[in-house]
Amino acid sequence: MNPVTEAALRASFVNCTKGETQRLAVPKDLATRPWDDLDFFGWRDPSAPERAYLIAESPTGLVGVALRVAAQTGQARRSMCSFCLTTHTADGVSLMTARKAGKEGRQGNSVGAYICTDLACSLYLRGKKDAGRRIDESITLEQKIERTTSSLGAFLHKVAG
Ligand SMILES: [Zn+2]
């Protein structure tokens, strides 16, 4: 994706109030992120482990969503990210829920997905970050990226309503 500025990033959120958007923790090293290798940009709030954020490009511009990270159960098990299909052990995948945008969100509706806890799906796909195990697939990297962005797009569509 194209590099994003802090201002563009803050302006992209669809499921936050203006106040929340102004207060949320944005990484200070935006300029040095590996944008060429990112299908979307996700990060955790270092001072609030239950908060995560995700920004993606869409035909209508940048879309950002704030996510709640469910507490880990601590059970040793493998689980798979629903976006990039990387298999992780134990807490490498988290259930993250996004409040829906607008009226539905105000009524308490949310959308959840199991996502790589560090939101580094793009780097796992490209082999730039190692999760220990990936399912063997005969499809190309381009096809995997396509599948990931389409799953992500479907999720964002549900959040934005
Ligand atoms: Zn993932």
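Buried means under 20% relative accessible area, exposed means over 50%, and partly exposed lies in between, with a 1.4 Å probe and protein chains only. The exercises below use a predicted model, in which local features need pLDDT of at least 70, side-chain atom pairs count only at pLDDT 80 or more, and totals for chains, interfaces and linings use all residues. Residues are numbered from 1 along each chain as its sequence is written, and side-chain values use heavy atoms, with hydrogens and water left out.

**Exercise 1.** Determine the strand order of the open sheet and its edge strands.

Solution. Strands are DSSP runs of E with at least two residues, helices are runs of H or I with at least four, and both are numbered from the N terminus; two strands pair if DSSP finds at least two bridges between them. On that basis 5 strands form an open sheet in the order 1-2-3-6-7, with antiparallel pairing. The edges are strand 1 (41-45) and strand 7 (110-116), each of which pairs on one side only. Strand 1 is joined to strand 2 (residues 48-58) by 5 bridges, and Trp43 stands opposite Tyr53 in strand 2.

**Exercise 2.** Locate Leu119 and decide whether this residue is buried or exposed.

Solution. Leu119 belongs to the loop between strand 7 and helix 4 (121-125). Its phi is near 55 degrees, a positive value in a residue other than glycine. Most residues other than glycine have a negative phi. Because its relative accessibility is 4%, Leu119 counts as buried.
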